[in-house]
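Here is a short tour for anyone who likes to read a model residue by residue. Have the viewer open and follow along.

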Amino acid sequence: MRLFLYVLTQVCITLVSVCGIYILTGLTGMFSLGSAAFMAIGAYVSGLLVLKLGMNMYLAFLLAIIAAVAVGYVIGFPVVRLRRDYISLVTLGFGESIAQLILLLSQYTGGAFGLIGVPRKVNVGFTVIAAALAIALTALFKTSKYGRQCIAIKSDELAAKAMGINTSKVKMIAFLLSCGLTAFAGCMYAFYVGYVGPTDFGWKKSADWVIMVFFGGVNSLTGSIFGGAFLTFLPQYMQSLNKYRYIVYAVLVLFILNFKPNGIFGEWELTPRNMKKALKKFDRKMRKEGGK
């Protein structure tokens with residue numbers, strides 16, 4: 001039971017980050033390999049505020065998210081004007097620079113030893129509620145004016161500009177929302193594990209999130225959530241598989257790209273309307289089989 005609760009907590013923290021990646025990549029079409037750096041900012045800033053200043057945890061979370069969004073604005077200002085392939089390179093460099101900065105500020109961050117002694121105040125219930133709220137926020141954003149504009153930009157940015165959409169502004173909004181969500185995930189991670197290390201937030205973690213989104217369905221929030229939950233649950237629950245995680249991920253990516261380019265769920269979303277259609281289709285199928 002303890003293992004299940006631990007895995008469930010890790011899944012929920014991952015889902016908050018995956019929501020951020022879905023907004024950035026699934027809706028807007030921007031690829032980031034430095035998103036985990038914002039998770040590091042959230043984890044370290046919130047941890048330091050509580051450890052060094054004795055600040056209330058919730059206030060520390062809020063200030064850490066604001067700090068990550070502020071850094072995201074500085075980075076995002078030039079990034080949103082770049083081509084998609086250049087965005088991944090710039091964010092990768094940013095992520096690595098944050099890792100080096102953590103090591104340089106060792107007197108505050110603990111350097112290679114990490115930040116030790118963070119109060120373990122986050123439990124499984126907190127992360128479940130946080131994941132549910134993050135998913136609801138992402139779903140609302142997708143159906144909002146900005147969400148529809150993000151989809152238009154992803155489909156054809158030049159056509160979106162011709163329609164009067166301020167593409168830089170919309171991409172910046174999506175980028176900052178993604179930064180805020182990943183920073184929040186970092187805050188929860190720090191206060192659940194009780195320790196933050198500089199190696200916890202490398203580019204591989206950012207790549208993991210992108211793989212999860214593509215595996216479940218880059219155009220589907222439901223698929224992205226499924227991909228995030230499944231690919232977090234499997235290695236965590238099967239420790240023997242964790243050693244070969246990236247081999248498994250590589251095989252899955254090759255399989256998806258060749259046989260299901262849009263991911264397992266494609267563009268399908270788990271909505272009452274779609275569920276009703278699926279039930280009707282299943283009912284018709286059962287009646288046909290029963291009439292034979």
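## Residues, helix packing and a pocket

Phe-77 lies in helix H3. With a relative accessible area of 44%, Phe-77 is partly exposed. Please keep in mind that this is a predicted model. Along the chain, Phe-77 is 59 residues from Ala-136, and their C-alpha atoms are separated by 27 Å.

Another partly exposed residue is Ala-139, at 32% relative accessibility. Ala-139 belongs to helix H6, which covers residues 124–143. Between the C-alpha atoms of Ala-139 and Gly-194 there are 31 Å in space, for 55 residues in sequence.

### Helix H3 against helix H9

For helix H3 (residues 57–79) and helix H9 (residues 167–193), the axes come within 8 Å and cross at roughly 145°. The crossing of H3 and H9 is right-handed. On the H3 side, the contact is made by Met-57, Phe-61, Ala-64, Ile-65, Ala-68, Val-69, Gly-72, Tyr-73, Gly-76 and Phe-77. H9 brings in Met-172, Phe-175, Leu-176, Cys-179, Gly-180, Ala-183, Phe-184, Cys-187, Met-188 and Phe-191. Sorted by class, this contact has 17 nonpolar and three polar residues, with no charged ones.

Met-188, one of the H9 residues in that contact, deserves a stop of its own. Is Met-188 buried or exposed? Its relative accessible area is 0%, so Met-188 is buried. Beyond residues up to four places away in sequence, Met-188 touches Ile-13, Val-16, Phe-61, Val-122, Phe-126, Thr-127 and Ala-130. Phe-61 is itself among the H3 residues listed for the helix contact. Met-188 and Asn-123 are 65 residues apart in sequence, while their C-alpha atoms are 8.9 Å apart in space.

### Helix H2 against helix H10

The next pair is H2 with helix H10, which spans residues 203–216. The axes of H2 and H10 come within 7 Å, crossing at roughly 115°, and the crossing is right-handed. Here Ser-35, Ala-36 and Met-39 of H2 meet Lys-205, Ser-206 and Trp-209 of H10. By class, the H2 and H10 contact comprises three nonpolar residues, two polar and one charged.

### Buried serines and a threonine

Leaving aside neighbours within four places in sequence, Ser-17 is in contact with Met-39, Thr-182, Ala-185 and Trp-209. Ser-17 sits in helix H1, residues 2–27. Why does Ser-17 count as buried? Its relative accessibility is 1%, and buried means under 20%.

Thr-25 is in helix H1 too. Once neighbours within four places in sequence are set aside, Thr-25 is in contact with Met-30, Phe-31, Lys-154, Phe-214 and Val-218.

Ser-224 has its place in helix H11 (residues 221–237). Not counting residues up to four places away in sequence, Ser-224 touches Val-18, Tyr-22, Met-212, Val-213, Gly-216 and Gly-217.

| Residue | Relative accessible area | Class |
|---|---|---|
| Ser-17 | 1% | buried |
| Thr-25 | 1% | buried |
| Ser-224 | 0% | buried |

### The second largest pocket

Helix H2 also has a part in a pocket. Which helices each supply at least two residues of the lining of the second largest pocket? They are helix H2 (35–53), helix H4 (84–104) and helix H5 (106–109). H2 gives the largest share of the lining, five residues.

About 220 Å³ of space lies in this second largest pocket. Its lining is made up of Ala-40, Ile-41, Tyr-44, Val-45, Leu-48, Ile-98, Leu-101, Ile-102, Leu-105, Tyr-108 and Thr-109. Of the lining residues, 10 are nonpolar, one is polar and none is charged.

Technical notes:
Residues are numbered from 1 along each chain as its sequence is written. This is a predicted model: local features need pLDDT of at least 70, side-chain atom pairs count only at pLDDT 80 or more; totals for chains, interfaces and linings use all residues. Side-chain values use heavy atoms; hydrogens and water are left out. On a 1 Å grid over the protein atoms alone, a cavity is a set of points where a 1.4 Å probe fits but cannot get out, and a pocket is an open set with protein on both sides within 12 Å along at least five of seven lines; lining residues have an atom within 4 Å of a point. Grid points are joined across faces, edges and corners, and a volume is the space filled by probe spheres set on the points. Helices (H or I, at least four residues) and strands (E, at least two) are DSSP runs, numbered from the N terminus. Ala, Val, Leu, Ile, Met, Phe, Trp, Tyr, Cys and Pro count as nonpolar, Asp, Glu, Lys and Arg as charged, and the others, Gly among them, as polar. Axes are lines fitted to C-alpha atoms, for helices over the stretch in contact, and angles run from 0 to 180 degrees between N-to-C directions. A crossing is left-handed if the near helix is turned anticlockwise from the far one by less than a right angle, and right-handed if clockwise. Contact means heavy atoms within 4.5 Å. Buried means under 20% relative accessible area, exposed over 50%, partly exposed in between (1.4 Å probe, protein chains only).
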